[in-house]
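The sequence and structure are shown first.

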Amino acid sequence: MAQDMYGDETHTDQAEARALFLEAMSRVAAPVGIVVTNGPAGRYGITVSSVVSVSADPPMVLACINQRSPIAGPLAANRLYTVNMLSPAQAEMAERFAGRDGRYPAYDFGCGAWQAGTQGEICLDDAIATLTCTPEQVVQAGTHVIVIGRVLRTVVRDASALLYCRREFCRPVGLSASA
């Protein structure tokens, strides 16, 4: 059954509108990655499901990060970060960097193999794609900051993407032409 948050505004309060919005967005599949920064402002990493390409000329991506996250300030201050896109085999790592695993310390760099890149950035060895970026623009938007980064280096590996949909991790499944 469909719910409409605009149907009868006298019965839709702010909490209900927020809940409906969150439910709607939970139904949209999103790729999962770990954004990592390392430098004078510290070493941080966080799981994100909000990485989107912005431009191919020049190559740019954006990521949305909660302003309360420990990485929000250092990401811009360090002036260099990586976006490490994950495969389905890395779902547990995504849980750890989201701070939700509970069995291990949050943001546990020991759960993966990391290497220093050519500019001192930290890259996940077996990420399906690693984008080394420098922040071009940081925009405040509600509870989040939108970090728009210029891609300085790209590494791609042949593997499927880890997705997040309906509040759980999943993998992409191709559709046949007849479906």
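## Basis of the description

Helices (H or I, at least four residues) and strands (E, at least two) are DSSP runs, numbered from the N terminus. Two strands pair if DSSP finds at least two bridges between them.

The model is predicted, so local features need pLDDT of at least 70 and side-chain atom pairs count only at pLDDT 80 or more, while totals for chains, interfaces and linings use all residues. Residues are numbered from 1 along each chain as its sequence is written, and side-chain values use heavy atoms, with hydrogens and water left out.

## Strand 9 and its hairpin

Strand 9 and strand 10 form a hairpin with two residues between them. In the turn, Gly 142 has a positive phi of about 60°. The two strands run antiparallel and are joined by twelve bridges; Val 139, for example, has Ile 146 of strand 10 as its bridge partner.

Strand 9 (residues 129-141) is also joined to strand 6 by five bridges, again in the antiparallel sense. Here Val 83 is partnered by Leu 131, and Tyr 81 stands opposite Cys 133.

## Strand 6

Strand 6 also pairs with strand 2 (residues 33-37), antiparallel and over five bridges. Met 85 is the bridge partner of Gly 33 in this pairing.

In a regular strand the side chains alternate between the two faces of the sheet. Both faces of strand 6 are covered: Tyr 81, Val 83 and Met 85 are buried on one side, Thr 82 and Asn 84 on the other. Buried means under 20% relative accessible area, exposed over 50%, and partly exposed in between (1.4 Å probe, protein chains only). Because five of the five residues of strand 6 (residues 81-85) are buried, the strand is largely enclosed by the rest of the structure.

## Surroundings of Thr 82

Thr 82, in strand 6, has a relative accessible area of 0% and is therefore buried. Its side chain makes a polar contact of 2.9 Å with that of Asn 84 and reaches the backbone oxygen of Ile 122 at 2.6 Å. A polar contact is a pair of N or O atoms within 3.5 Å; within protein, one must be able to donate a hydrogen and the other to accept it, and residues adjacent in sequence count only if both atoms are side-chain atoms.

Leaving aside neighbours within four places in sequence, Thr 82 is in contact (heavy atoms within 4.5 Å) with residues including Ile 34, Val 35, Val 36, Thr 130, Leu 131 and Thr 132. Glu 121, Ile 122 and Cys 123 are also among its contacts.

## Backbone features in loops

The peptide bond from Asp 57 to Pro 58 is cis, with omega near 0°. Pro 58 lies in the loop between strand 4 (52-56) and strand 5.

The loop between strand 11 and strand 12 (168-170) contains Arg 166, whose phi is near 55°, a positive value in a residue other than glycine. Arg 167 is found in the loop between strand 11 and strand 12, and its phi, near 65°, is likewise positive. With a relative accessible area of 48%, Arg 167 is partly exposed.
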